[in-house]
Amino acid sequence: MKLFKKFTVTALTAVIAVTASFAGVAAAADSLKGKITVNGSTALLPLTLQAAKEFQKLHPKVKIAASGKGSVTGPQAVKKGIADIGACDWDASIDVPGFKAFDGQVANKVAVIPFATIVNKNVGVDNLTTEQLKGIYAGKITNWKEVGGADANIVVITRAFGSGTRVNYQAKALGGGDIVKKEKNYKETGSSGDMKTAVGTTPNAIGYIDLVYVTGGDIKAVKFNGVEANTDNVINGSYKIWAYGYYMTKGQPTGATKEFIEYVQSKKFQQGSLKKLKFIPISAMQS
Amino acid sequence: MGAPVHGLSAKAQTSLEEVKRNTKRHRRHLLGNSISRYYFLFSILALCLVLGLVIVFIGKTALLLFTRISPQDFFFSFNWTPEEDAFGAAAFIVNTLSLTALTLVIAVPVSVGMAVLCAEIAPKWLKSFIRPVLDLLVGIPSIVYGYLGLTVLLPFLRRISGEGLGDGLLAAALVLALMVLPTICRISDDAIVAVPRKYRDAAYALGSTRLQVIMRVVLPAASRGIISAVILGMTRAVGETMAVVMVIGNTPQLAKSLFAPTSVLTSNIVMQISNVEFDSTWNYSLHMMAFLLLLISFVLILIIRLLGRKRRDA
């Protein structure tokens with residue numbers, strides 16, 4: 001019997017060792033368990049999903065459920081106790097225009113999100129200044145020829161109030177300027193995907209979107225104050241329309257949540273998958 | 001159970017056994033009946049409970065609105081600028097009603113015409129083709145209709161109208177009309193088929209043409225069924241959200257033309273509810289809009305019920 005026990009133990013150890021080495025898992029990894037719910041921004045959702053996949057491979061006993069809606073739902077869900085992590089495109093622990101600070105929440109920086117001004121492919125303009133954008137979005141400039149384009153009405157497409165993309169775009173690209181509300185050539189869309197489709201299918205349209213969405217031939221990103229929208233220019237500081245993405249938590253994160261956030265912030269993830277998803281590592285901006 | 005107990009003893013024995021067996025079976029049936037009765041009772045009560053909770057929850061949150069702003073401000077002001085504490089929903093209410101009306105103006109003649117075709121005119125092979133196709137159309141998710149509207153219909157409308165955007169009531173009404181068409185058509189179809197054959201025969205015997213029979217006899221006889229079909233289509237049009245959101249423009253203003261980007265109750269709720277703080281006037285007014293929609297569909301369903309009752313009386 002003793003021999004049998006010994007044999008079993010050896011066999012089990014061998015199996016575990018083999019599995020572990022195959023999966024590249026550290027032996028201590030299995031001790032971590034728990035359930036993490038992530039709610040909030042759709043812009044950060046691809047990042048969260050990728051990180052969750054990798055993290056669950058390392059810690060099979062941790063379950064991560066992630067969903068995306070509006071940015072503000074993140075900190076709200078955390079406040080209500082529905083979610084452990086609220087993904088938000090702005091720092092919800094301080095006041096931003098339209099939204100009061102969420103008391104007692106801690107903002108954990110996880111990524112840098114660049115945004116781009118986009119226009120329909122038929123628009124000839126390829127550079128816009130802060131002043132011109134302000135004029136366009138405030139409804140003062142209504143024709144493309146006023147900013148060096150063809151004689152055609154500008155169709156303004158924007159996100160609904162409270163969208164994280166809109167909060168950041170308004171702060172960084174429009175210098176806090178207003179966005180017109182009631183106009184003939186003005187349309188609101190509900191998500192980044194809708195924005196891309198709307199600008200792509202509407203001639204003379206202008207909009208704004210996460211830089212990662214700028215693909216395909218129907219839309220093009222325009223230069224901002226003469227600077228091209230790309231990650232290099234964000235990192236060297238010349239392109240100004242970007243923001244940190246945050247994971248909001250109730251107080252300092254603990255347990256599995258803490259481990260998960262640290263994993264997302266780790267050099268391995270930031271330089272690897274995060275970059276592949278075309279986000280920018282936070283370390284790049286903190287030099 | 002009236003088995004005879006007199007006569008030969010052996011015979012009596014068997015019939016007695018038969019009675020016992022029958023009683024046993026009868027009891028079993030009774031038990032089954034009562035169990036299923038309780039089950040159905042429980043189901044219906046559970047349903048009522050859930051429905052009640054929905055109404056109470058939405059209503060409660062909605063009515064909180066009037067502790068913050070007055071009903072006049074909500075129902076009669078056209079100024080919806082929640083960022084600046086202006087919560088006038090009149091524009092959405094008017095737009096919802098006009099969108100529904102426009103949808104019906106487009107959809108009803110077409111769908112009733114198709115119903116007549118299906119029920120009266122078309123040969124059998126065409127009928128057996130049209131009906132399943134219409135049933136299939138109901139199964140397409142509304143967001144797909146919306147996406148087609150956004151990518152196919154809007155560019156077309158832009159070209160023929162010369163507008164910059166093309167979004168607005170007309171685009172939304174066209175998409176909605178396509179969506180309610182199968183509903184209205186199939187139910188009217190059933191109503192027309194249900195008109196007794198003798199009416200038609202009598203009309204033909206009097207020398208009517210086919211058109212006269214359809215217009216003067218069949219359609220009036222089926223009118224109640226057609227009206228309930230229209231109302232059912234209307235409930236769908238009033239509550240439809242995803243398809244509308246994609247083609248209406250989502251600008252909170254009164255629609256002054258068919259091509260002005262605008263917003264209705266449903267689209268406004270879906271655009272804003274996820275970006276609003278839980279305990280804010282804004283959130284309450286969105287709930288109030290939802291409650292309004294609930295009331296509108298409740299009234300429409302009541303109308304269908306009343307019509308149905310009248311038909312049975314007639």
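A:Lys187 and B:Asp167 form a salt bridge in this predicted model, with their closest N and O atoms 2.5 Å apart. A:Lys187 belongs to strand 7 of chain A, while B:Asp167 sits in the loop between helix 5 and helix 6 of chain B, so the pair joins two chains. Both A:Lys187 and B:Asp167 are buried.

**Salt bridges**

- Over all chains, the whole structure holds 10 salt bridges.
- B:Arg131, B:Asp135, B:Arg186 and B:Asp189 are joined into one network by salt bridges that share partners.
- A salt bridge also links the side chains of A:Lys184 and B:Glu163, at 3.3 Å from N to O.
- This pair joins two chains, because A:Lys184 lies in the loop between helix 5 (164–172) and strand 7 of chain A and B:Glu163 in the loop between helix 5 and helix 6 (169–193) of chain B.
- A:Lys184 is partly exposed, with a relative accessible area of 46%, and B:Glu163 is partly exposed at 22%.
- In chain A, the side chains of A:Lys145 and A:Asp151 meet in a salt bridge of 3.9 Å, N to O; A:Asp151 is exposed, at 58% relative accessibility.

**Largest cavity**

- Four cavities of 30 Å³ or more are found in the whole structure, and the largest has a volume of about 110 Å³.
- Its lining includes A:Phe161, A:Arg166, A:Lys181 and A:Tyr186 from chain A, and B:Trp80, B:Pro252, B:Gln272 and B:Trp282 are among the lining residues from chain B.
- Strand 7 (186–189) of chain A and strand 1 (80–81) of chain B each supply at least two residues of this lining.
- By class, the lining of the largest cavity comprises six nonpolar, two polar and four charged residues.

**Second largest cavity**

- The lining of the second largest cavity has three nonpolar, three polar and three charged residues.

**Nonpolar surface patch**

- B:Ile140, B:Ile143, B:Val144, B:Leu148, B:Val152 and B:Met242 make a nonpolar surface patch of about 470 Å².
- Helix 5 (residues 142–161) of chain B contributes the most to the patch, with four residues.
- B:Val144 is found in helix 5 of chain B and is partly exposed, with a relative accessible area of 38%.

Note on methods. Residues numbered from 1 in each chain as written. Chains lettered and ligands numbered in written order. Predicted model: local features only at pLDDT ≥ 70, side-chain atom pairs only at ≥ 80, totals over all residues. Heavy atoms only, no water. 1 Å grid on protein atoms, 1.4 Å probe; cavity = no way out; pocket = protein on both sides within 12 Å on 5 of 7 lines; lining within 4 Å. Points joined across faces, edges and corners; volume = space filled by probe spheres on them. Nonpolar A, V, L, I, M, F, W, Y, C, P; charged D, E, K, R; others polar. Patch = residues over 30% accessible without salt bridge, like charges linked within 9 Å, V, L, I, M, F, W, Y side chains within 5 Å. Areas by Shrake-Rupley, 256 points an atom, 1.4 Å probe, with all protein chains shown as cover. Salt bridge = Lys/Arg side-chain N within 4 Å of Asp/Glu carboxyl O. Buried < 20%, exposed > 50% of the residue type's maximum accessible area, 1.4 Å probe, protein only.
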